[in-house]
Each structure stands twice: as structure tokens, then as C-alpha cells.
Amino acid sequence: MTVDTKEPAGPAAESQEYVDVTERPTVTAKWVRRLAVASIAVAVGLPMLSLVVWSFAFRWNFPNLLPSEWGTQAWAYVADDSSRVVEGLWNSTKVAVLVTLLAIIVGLPASRALGQHEFKGKSAVEWVLMMPIIVPALVATMGIHQIFIRLRLTETLFGVALVHLIPAIPYFVLVMASVFANYGTALEETARTLGANKFRVFRYVTFPAISSGLLVASMFTFLISWGQYVTTLLIGGGTFVTLPLVLFPFLSGANHATAAAISLVFVAPAIIVLVFTSRQLGRESSVMGGFGRI
Amino acid sequence: MARTTELTDLAERESLRSRLKIPLMLAPAVGIVVLLFGGGILVGLGQSLGYFPAIGLNEFTFEYYGSVLTDSNFLRSLWLTFRIAATATVLSSVLAVGFALVLRQKFAGSRLATFLFQIPLPVPHLVAASGIILLVTQSGLTARLAYALGIIDVPGDFPAMVFDEAGIAIILTFLWKEVPFVGLVVLAVLQSVGPQYEEQARTLGANGRQRFFNVLLPLIMPGIMSTSIIIFAFTFANYEIPLLLGTRFPSTLPVVAYRLYQDPDLALRPEAMAISIVLAIVALLLLIAYRRLARYAVR
């Protein structure tokens, strides 16, 4: 892939921590940086801010830049049982927690095997596990739907959680295998040589080393389940509703205020997750690097 | 004598345990993926080939593939799906590298900028679409700003970006979500590589452009390759965003397939399955070709 030279490739590539005294950021580099930061602020801030303002708008017609009448009717509707928002919130939470727990239980040993061991057929196993990320899962979901009808798993929480596991396991393993690979086995071997038993090695050596990576992987698994739309629609059959299913009809309708309020309820856990994991995702950490190793 | 056999037994059991260790660690995850994903695909594949006993079909046939592949509407939808996914993938990769190069620097406000940049990553796609809708429709915030600045007089003057055949709002939603994803992976790769290669190149007299194209880009290329595979596969198969923001005709392939699948007429299901299988095969072939090509280019 070629990158256009208009990109801040040249001078902006200098970071201060790398820069020695002889080379300081040029004026152009500073302007490129300001432009980049401003566009991040606008591109991320405007949609989010619009959602907040819209959720409190009672009347906001073109071409007004702010609502002409404010109101909390959208939030009252969200809190009302008839909107099914609270029910969706509760269902989404239950499914996402179940998916995360299941992904940890089945994914942790697998990521450890892939991250720390060399064995015959390893790349075949990696291919199999990455298939749900690479191959569009639509056909699989449709096929599963018909199997689940026979197994009476449609319209159940467990059935929905099982289909969410299909994308959840690969992403969890991708991140955790790289966490295990980064951390290696040397420390554990030392601890075992020093006489620690298996449990103590895990409790005092392995777990502390992988805990921040595990936190990120778990939260992302939670969010993968949280954001699922079409799989839940198909397997849940419309009777088991999660938040995205409640939100969707409003997005294509004209009631922007209600759509905005439900969107904010739907996005809240994501922002909470980000506050907890921001450091692990940032430039001082390599957890995100796992996605770069397909 | 008895003792020796006991010891051999023990050693054998130990070696069996160590041989079984890795398969046992992998079994639960691989088992679930193979059973659910593989099982689902097999059922779909069977139906697409005419095996659907529930409605009395059990003759093996390529008929459904034939009718799908010769349908000009199918090809139009395939092209639309590909165009949207490819545009979103290329643009997000290029933009992400640019932002990553800025965000890896330390400057006043760089922490806040990085935090802002991370926000879209955990946000659900539907919420991203929700925010984009409020911005880019013909009566959205951007159109209102354009009116305030005297650029347009009525909402109709503002270019249609939702329900348009170009799929601008769809692409914007994908970009909003995926640029931070790729950008953060690139940042992580830059972090693990460290500054030494660039410093060496600088010591040897390489200028900014040379350092970028000859040193940095090869280092981050594997990461970009992986993320672009993930993004392409995701956007190629996404259902809800094109359904929400795209034209009704032509629709992207996942939308077409799902519509046929949900039709009360069960006789349409084999065709829905054939479309989904073709979608999966095209995605797989494109990604394998891309991987080959990218590997070749990196070498």
C-alpha cells in the first residue's frame, strides 16, 4: 500500500522522544499536528455531542443550529417499560457477561497454547480459529439458525450467547495469544524451579503478568457481544431483544431524539470500558499489537 | 524388576500427558468454532446445493449458483459491496497511518488527543451510524452549518450522502469506527519496534521521506496487512449499516441474502444460501490474493 505524500509522513514523523537536539519539529510539522488533532476532535466530538443535544431536543427543525424547544421526553420514553429499552439493556448485559465468561474459559488455554508453544499443525489451528473473522459469518449464522430451531435454542439467551461466541472466541484468542507470546515462559520456569506449585505459579507469576491484557481482551469480548445485531435478530427471533434491536427501528425513523437517547444508553458501557482500558490501548502499550498478527 | 516397569509406566504416562497437553488446551476453542461455524456453513452449503429436505428438496444441483451468478442484479450488488468495503479499507489504512504518526509524538495535549482518538474503538457500529446520520443527512448538522454560512438555501441543495448509490454515509461510518482501530494497532507496532531503526537511518543521513518509506513503512506493513484483512472482511459482510444507510436498490450482498432468507417463501432459501456462500468464497479468495500480494510487495 502506498501512502500519499500529503500525509504527515515526512517532518511529522519525528517524535520528540526520538528527536535529538540537532533536529526539532519544523513549523510545517507543527501545523500538520494541529490539523490532525483538530480533525480528531471534530470527527469524534461532533457525532457524540449531536447525540447528547438531540436526546434533550423537543423541537429542532432545519436550519436551527440548536433546538428551539428542549425537553426530556426522549429520556422519559427510554425509562418507560413500553420502550423495552430497560429490558434490552438487561438482556444485552446478561448475554455479554455470559459470552465473556465462556470466551475466557475456552479461550485462555487455547491462547496460551498458541502464544507459548510450538507444535505440529499450529498454523492450521490458527487458520481455523481465524476463519470466523475472515469469512463472512452470515451463511454460518443462517445455517446455525436452522440447527438451533431443531435444538430449541432459538429465542433463548443461551442460543444467542452461543452465536456471539463465534466472533468472540477468535478476537479473544488473537489478543491473548499475543499477550502470552510477549510475556513468555521464562518467569514461570524460574518459579517452578524455585519450588512453587502449579497453583502458586499461576496465582503469583502468570496471572499478574497477563492481567492487564486479559482485562482488555475480556472487555473487548464483552463489547463484541454488546454490538451484535444481525446474529441476535436471527437467533433471538425478535422475541429476545437486546439494545441494538430496540435501537434499530428508531434509526430509520424520524424520531431523532429517541434514537439519540437510546444510542447514549447503548454507548455508555463502551465509554466506561474505554476509561478502564485507555492506558492499555495507548501508545505506551502493545496489547493492540495482537490484531496486527493475523 | 517390578520397580523398573513402574518407572517406565510412569514415564510413559508422563509423555502421554505432555503429548495430550496442547490438544487439550486447544480443544474447547477449536471445538466450538468448528461445531458452530463449520456446522452452520455445512448446513448452508447443503441448502445452496439443493439439499433441503424440509421443503422436499434433496437433489444435488448447481442450479441456484447458476441463477445467482448470471443475475445482473447480483453482479451489481457484488460490485457495490466490494466497492464500499475496498474504499473503507484503503481510506482507513491510509488515514490511520497518518494519525498514528502524529499521535506517537509527545506534545501538549497528546494524551487527550490519543484518548479522543480511542473513543470510536469500543463504540457499537449502530451508535456510530446514529451519530453520522445526525451529521450528514440533508437536514443534518453539516447541512445546517452550510445554510448558516450561506452555502445552501434549502436542505435539497445539500448533497445526498444517505440512501445514495455511492454509499458515502456507509463509508463514513466504517471510517469513523476503523481508522482508530488501525491507528491504535500501528501505534502498538511502532511502540514495540522502538526508535532505534529510525535513529540509525537518520544517522546514516536518510531524510524524512526516506525514513518513512524505507524504514517505518516496512516495519508497520504486517500490522496494516492484518488489520486491513480484518476490516475488509468485516465491512464486506456487514448487514446493518448498509441496510440503514444505503439505497434499497441495489443493496449490498449481505442485505440481499438476508432479505431472501427471511422471505416467507422457503423456496428462496437455497438462493439466499448460494449468495452467502459466494460472498464468503469471494471474501476468502480476495483476502488470500491480497495476502500473497502484500507479502510479495514487502519482500
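## Helix H6 of chain A

Of the 27 residues of H6(A), 22 are buried, so the helix is largely enclosed by the rest of the structure. A residue counts here as buried when 20 or more other C-beta atoms lie within 10 Å of its own. The model described is a predicted one.

H6 of chain A covers residues 157–183, and the distance from its first C-alpha to its last is 36 Å. That span is close to the 39 Å expected at 1.5 Å a residue. The helix axis bends by about 40° at Leu165(A), and within four residues a proline follows, namely Pro167(A). After H6(A) comes Gly184(A), which has a positive phi near 70°.

## Secondary structure of chain B

Chain B contains twelve helices and two strands. Read from the N terminus, its elements run α-β-β-α-α-α-α-α-α-α-α-α-α-α.

## Dimensions and packing of chain B

The radius of gyration of chain B is 26 Å, whereas a compact globule of 299 residues would have one near 19 Å. Along the principal axes, the C-alpha atoms of this chain fill a box of roughly 100 × 70 × 35 Å.

Buried residues make up 49% of the 299 residues of chain B. Among the contacts in chain B with a separation of 6 or more, 69% are accounted for by residues 24 or more positions apart.

Technical notes: Residues numbered from 1 in each chain as written. Chains lettered and ligands numbered in written order. Predicted model: local features only at pLDDT ≥ 70, side-chain atom pairs only at ≥ 80, totals over all residues. Rg over C-alpha atoms; globule rule 2.2 N^0.38 Å. Buried ≥ 20, exposed ≤ 12 C-beta atoms within 10 Å, placed from the backbone. Contact = placed C-beta atoms within 7 Å. Expected span 1.5 Å × (residues − 1). Bend = angle between axes of the 7 residues up to and from the residue.
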